[in-house]
Amino acid sequence: LGLARGLSHYLEHYPYGCTEQLVSRAWPSLAVAERPEFGGSRAKAQADVAAVVRMLASRQNEEGAFGMWAANSVVSEFQTVYAAHFLTDARERGHTVPPVLLERTLARLKVLAESEGGGLSEERERAYALYVLSRNGRLSGAAATGVEARLERDHRGAWREDLAALYLASVRRLEQDARRADALVSGVRFARSMKPDFLHFHDPLARDGAALYLTSRHFPERAKTLRAEDIQGIADEVAGGRYNSLSAATAIAGLAAYADAMGEPVASDAAVSEELEGGAPRELTLSKGTFRRAAFSPAAKRLRFTVPGPAFYQVVQAGFDDAAPKS
C-alpha cells in the first residue's frame with residue numbers, strides 16, 4: 001500500500017478533466033480516508049466526493065449515462081459504470097450521494113447489462129455493470145447467466161482468465177451462490193501478460209488493480225493466499241512508469257482493499273541513508289508508523305536501505321526543469 005502514496009501525488013496534480021480522469025483523481029482520498037499516514041482525512045474525502053457528485057450531475061445525459069466532457073451523447077459505457085462504482089463506494093462509506101443521480105445511473109447500467117456486447121471487451125463492461133448493480137442490491141443472476149453463456153460461446157477458455165470472470169464471480173458471491181462464485185474465480189491469475197486495450201480502459205495495471213480490489217473485498221480467504229509475485233506485478237507496472245489516471249486510481253483502490261483484508265502489518269526496523277558527493281553518508285530521519293517516510297537531498301548520489309527482509313520502496317519526486325528545452 002505504500003506504493004499508493006506516489007500514485008496519489010500523481011493523481012492530485014493530474015491536469016486533465018474528462019469524466020474518468022476526475023473520478024480517478026478523487027478515488028485515492030476515498031480509499032485512504034481512514035489512513036492518516038497518507039495525509040488522508042474524512043474531510044478531504046468528503047470534499048472530493050462532493051466535487052465528483054457536482055461534476056457527474058452536470059454531465060449526466062437524458063439516458064442516465066455520463067458524457068465524457070458534458071451532458072451529451074459523447075459517452076463511454078465504461079466511464080458510466082466506473083462513475084457508478086465510485087458513487088456506490090462513496091455511499092457505502094457514508095458520503096452524501098443524491099439518490100436521483102445514482103438511480104438514473106443504475107437504470108442506464110441495467111440497459112447496458114441486458115444488451116449483447118460485440119466482443120470480449122464489451123462483455124467485460126457488461127459484467128462490470130452487473131457487479132455494480134449487485135452492489136446496489138439489484139438481482140443480476142439472470143443477466144449474469146446470459147453474459148456468461150455468450151462468453152463461453154464466443155470466447156471459450158480465454159474469458160475465464162479475464163477480469164470479466166472475476167466480476168461475474170463477485171456477482172455470484174454477492175448473491176450467496178458460493179459454488180458458482182468459486183468456480184468462476186478459480187481461473188483468474190495476477191500478473192498475466194496482456195496487450196493494453198486503451199479504447200476500453202484495460203491495461204495490465206488496471207486489470208491487476210481491479211482484480212486485487214475484487215479478490216480482497218469479496219474473496220478475502222483467497223486474498224490471504226496471494227504470493228509476493230502476484231503483488232509484484234503491480235509494483236513493476238508502477239516502477240516502470242506504465243500507469244495513467246485510471247490504472248493509478250484502480251491500483252490504489254485494490255491495494256487499500258488488500259490492506260483492509262489483511263490487517264495491519266507488524267512495523268519493522270529500517271534505516272535509510274543518503275550518500276552525498278565524495279561518498280559521505282548521512283542518515284535520514286524516518287517517520288513512524290507502518291509506512292516510513294524520509295526526505296532526502298537533491299544532491300544525493302545514492303540511497304542506501306537497511307531493512308530486515310524483503311521490502312518495497314518508492315521514490316517520489318516532482319517539479320519542473322530549471323530551463324526550457326531549446327528544441
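User: How much space lies in the second largest pocket?

Analyst: About 420 Å³. Keep in mind that we're looking at a predicted model. Of the 20 lining residues, Val238, Ala239, Tyr243, Gln314 and Val315 are the closest to the pocket's centre.

User: What makes a residue part of the lining of that pocket?

Analyst: A lining residue has an atom within 4 Å of a point of the pocket. Helices α1 and α12 (228–239) each supply at least two such residues.

User: How many residues of that lining are nonpolar, polar and charged?

Analyst: There are 13 nonpolar, six polar and one charged.

User: Okay, on to rings. Why is the pair of Tyr10 and Tyr243 called edge-to-face?

Analyst: Check two things. Ring centres have to lie within 6.5 Å to pair, and planes over 60 degrees apart count as edge-to-face. Here the centres are 4.9 Å apart and the planes stand at 80°, so the pair is edge-to-face. The structure holds eleven aromatic pairs.

User: What makes α1 and α13 a contact?

Analyst: Contact means heavy atoms within 4.5 Å. Leu3, Ala4, Leu7, Ser8, Tyr10 and Leu11 from α1 meet Ser245, Ala248, Ala249, Ala251, Ile252 and Leu255 from α13. Those residues split into ten nonpolar, two polar and no charged.

User: And how do the axes of the two helices cross?

Analyst: The axes of α1 (residues 3–12) and α13 (residues 245–262) come within 10 Å and cross at roughly 145°. The crossing is left-handed.

User: What makes a space a cavity rather than a pocket, and how many cavities of 30 Å³ or more does a search find?

Analyst: In a cavity a 1.4 Å probe fits but cannot get out, whereas a pocket is open. Searching the whole structure turns up one cavity of 30 Å³ or more. About 240 Å³ of space lies in the largest cavity, and among its 22 lining residues the closest to the centre are Phe78, Tyr128, Tyr167, Ala210 and Thr250.

User: Which helix gives the largest share of that cavity's lining?

Analyst: That's α10, with six residues. The elements giving two or more residues are α4 (77–92), α6 (120–135), α8 (163–174), α10 (204–218) and α13. By type, the lining divides into 13 nonpolar, six polar and three charged.

Methods:
Residues numbered from 1 in each chain as written. Predicted model: local features only at pLDDT ≥ 70, side-chain atom pairs only at ≥ 80, totals over all residues. Heavy atoms only, no water. Axes fitted to C-alpha atoms, helices over the stretch in contact; angles between N-to-C directions. Helix = DSSP H or I, 4+ residues; strand = E, 2+ residues; numbered from the N terminus. Left-handed = near helix turned anticlockwise from the far one by under 90°. Nonpolar A, V, L, I, M, F, W, Y, C, P; charged D, E, K, R; others polar. 1 Å grid on protein atoms, 1.4 Å probe; cavity = no way out; pocket = protein on both sides within 12 Å on 5 of 7 lines; lining within 4 Å. Points joined across faces, edges and corners; volume = space filled by probe spheres on them. Phe/Tyr/Trp six-rings, centres within 6.5 Å; stacked < 30°, edge-to-face > 60°.
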